[in-house]
Amino acid sequence: LGMNGDDRHLMWIAESAVRAPLPSGWTQHAMDDGSLYFHQTMTNESSWEHPTDGFFKELYDRTKEQENTSLRLAEAAMLSLSSSRGEDIPGGEGSDRHSHTPASRRSSASLTQNAVANI
């Protein structure tokens, strides 16, 4: 599915994929070396991948995309909130400045608008 160690919270997707039953008309077979393959009897199609793997890969990709969008929105909200209060974000852009002028607030607002527009 393309998962990595940072995706432990999404293991439910992998577990669902492993437990997924074969769709109607598909059978599972083993090669002499133990490798599994799947066969669709009506179309005579064979595949090394489980017939539902594509569904679970897409589910994983969309879930990761939604997470990334949520993170970008949270960062944009944090920038917007801090600039409206005239605060610096620790470790963020402008954290070495000691005061915010109206121009720097507009600049932060522009950065926020750009961040949201790029989502």
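This is a predicted model: local features need pLDDT of at least 70, side-chain atom pairs count only at pLDDT 80 or more; totals for chains, interfaces and linings use all residues.
Residues are numbered from 1 along each chain as its sequence is written, and side-chain values use heavy atoms, with hydrogens and water left out. Local features need pLDDT of at least 70 and side-chain atom pairs count only at pLDDT 80 or more, while totals for chains, interfaces and linings use all residues.

**First stop: the strands.** Select residues 26-30, strand β1, and residues 36-40, strand β2; the two run antiparallel and are joined by five bridges. (Strands are DSSP runs of E with at least two residues, helices are runs of H or I with at least four, and strands pair if DSSP finds at least two bridges between them.) Click on Gln28 to find its bridge partner in β2, Phe38. Five residues lie between the strands of this hairpin, and Gly34 in the turn has a positive phi of about 95°.

Look for His39 opposite Ser46. In this second hairpin, with four residues between β2 and β3, Asn44 has a positive phi near 65°.

**Last stop: the helices.** Show α1 (residues 11-19) and α2 (residues 53-85), which pack at an angle of about 170° with axes 10 Å apart. The two helices are therefore roughly antiparallel (an angle over 145 degrees, between N-to-C directions of lines fitted to C-alpha atoms over the stretch in contact). Now display the side chains of Trp12, Ile13, Ser16 and Ala17 in α1, and of Phe56, Leu59, Tyr60 and Thr63 in α2: these make the contact (heavy atoms within 4.5 Å).

Key:
Axes are lines fitted to C-alpha atoms, for helices over the stretch in contact, and angles run from 0 to 180 degrees between N-to-C directions. Angles under 35 degrees count as roughly parallel, over 145 as roughly antiparallel, 65 to 115 as roughly perpendicular and the rest as oblique.
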